Amino acid sequence: MPMWMQALIWGTVAGAALILGSGIAWAWKVPKKVVSTVMAFGAGVLISALAFELVDEAVQGGGLLPTVVGFLAGALIFVGSNILLSRAGAKHRKRSGQMHPSEQESPGSGTAIAIGALIDGIPESVVLGLGLVAAGTVSPAMLAAVFISNVPEGLSSTAGMKRAGRSPVYVFGVWTSIAVFCGIASLLGYTTLENAPAELVAFITAIAAGGILAMLADTMIPEAFEEHHNLTGLTAAVGFLTAFTIHHLGG
């Protein structure tokens, strides 16, 4: 199978976890404790993946300076985008409670939530394609991390959207579209950087890593802590060790 097709498929598979989580939340009323537990676990998984699969490999492949600059740039890009989207009504897009505004309460918030979810998912997908550039194969640890973290994101956000009165057409349209864009982002991550210098690959990888860490701190961890409280840290630690084990066994 051509490498570009692998990038497209794996990115779409990772994005499809959002649809899986969304479907579960729409069909059943998942207890908030369960959602927050899975969210904390997913956050720990992603932290491990971005540390060992992204930042460390970026430094080894392209050097410290491109990695540091890229990481800071990624965090700044995400935080800046998140501030703008929060003002448009997407501040609590990953929350499962009563924080999602309806379209009547905040006109345009539905579009902002969709764009916000897309911005959350693109960095994770790009690095799947970049992994094919660097290693010639998708990283099992990174793929597992993205998939595992996307399930609770779909769960939590859909639960909040449903409580805000958004239609199933809107909800599943958002997640299906994002899954498709995730596949495209992974494809572009591979095709545009296939022959790029190692420093540029490291820079782009670090941008994605910085964006992912900022996303975790701004959106996933607050949702996990809101209900999970004292066990959030422990659950995240278990997620971290799970991804680290996958990384170690895969290496």
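**View 1. Phe52, Phe240 and Phe244 form one aromatic cluster.** The view is taken from a predicted model. A search of the whole structure finds three aromatic pairs. One of these aromatic pairs joins Phe52 to Phe240, with 5.9 Å from centre to centre and 65° between the planes, an edge-to-face arrangement. Phe52 belongs to helix 2 (residues 32–62) and Phe240 to helix 8 (residues 232–250), and the pair links distant parts of the chain, 188 residues apart. Phe52 is partly exposed, with a relative accessibility of 26%. Phe240 is likewise partly exposed, its relative accessible area being 27%.

**View 2. The rings of Phe52 and Phe244 form a tilted pair.** The ring centres of Phe52 and Phe244 are 5.0 Å apart and the planes lie at 55°. Because Phe52 lies in helix 2 and Phe244 in helix 8, the pair ties together parts of the chain that are 192 residues apart in sequence. Phe244 counts as partly exposed, at 33% relative accessibility.

**View 3. The charged end of Lys162 sits over the ring of Trp26.** The distance from the charged end of Lys162 to the centre of the Trp26 ring is 5.2 Å.

**View 4. The charged end of Arg166 sits over the ring of Tyr170.** Here the charged end of Arg166 is 5.4 Å from the centre of the Tyr170 ring.

**View 5. Helix 1 and helix 6 cross with their axes within 7 Å.** Helix 1 comprises residues 3–27 and helix 6 comprises residues 168–191; their axes cross at roughly 160°. Since angles over 145 degrees count as roughly antiparallel, helix 1 is roughly antiparallel to helix 6. The crossing of helix 1 with helix 6 is right-handed. In the contact between helix 1 and helix 6, 18 residues are nonpolar and nine are polar, while no charged residue takes part.

Note on methods:
Residues are numbered from 1 along each chain as its sequence is written. This is a predicted model: local features need pLDDT of at least 70, side-chain atom pairs count only at pLDDT 80 or more; totals for chains, interfaces and linings use all residues. Side-chain values use heavy atoms; hydrogens and water are left out. Rings of Phe, Tyr and Trp (its six-membered ring) pair if their centres lie within 6.5 Å; planes under 30 degrees apart count as stacked, over 60 as edge-to-face and the rest as tilted. Helices (H or I, at least four residues) and strands (E, at least two) are DSSP runs, numbered from the N terminus. Buried means under 20% relative accessible area, exposed over 50%, partly exposed in between (1.4 Å probe, protein chains only). A charge sits over a ring if NZ of Lys or CZ of Arg is within 6 Å of the ring centre and within 35 degrees of the ring normal. Axes are lines fitted to C-alpha atoms, for helices over the stretch in contact, and angles run from 0 to 180 degrees between N-to-C directions. Angles under 35 degrees count as roughly parallel, over 145 as roughly antiparallel, 65 to 115 as roughly perpendicular and the rest as oblique. A crossing is left-handed if the near helix is turned anticlockwise from the far one by less than a right angle, and right-handed if clockwise. Ala, Val, Leu, Ile, Met, Phe, Trp, Tyr, Cys and Pro count as nonpolar, Asp, Glu, Lys and Arg as charged, and the others, Gly among them, as polar.
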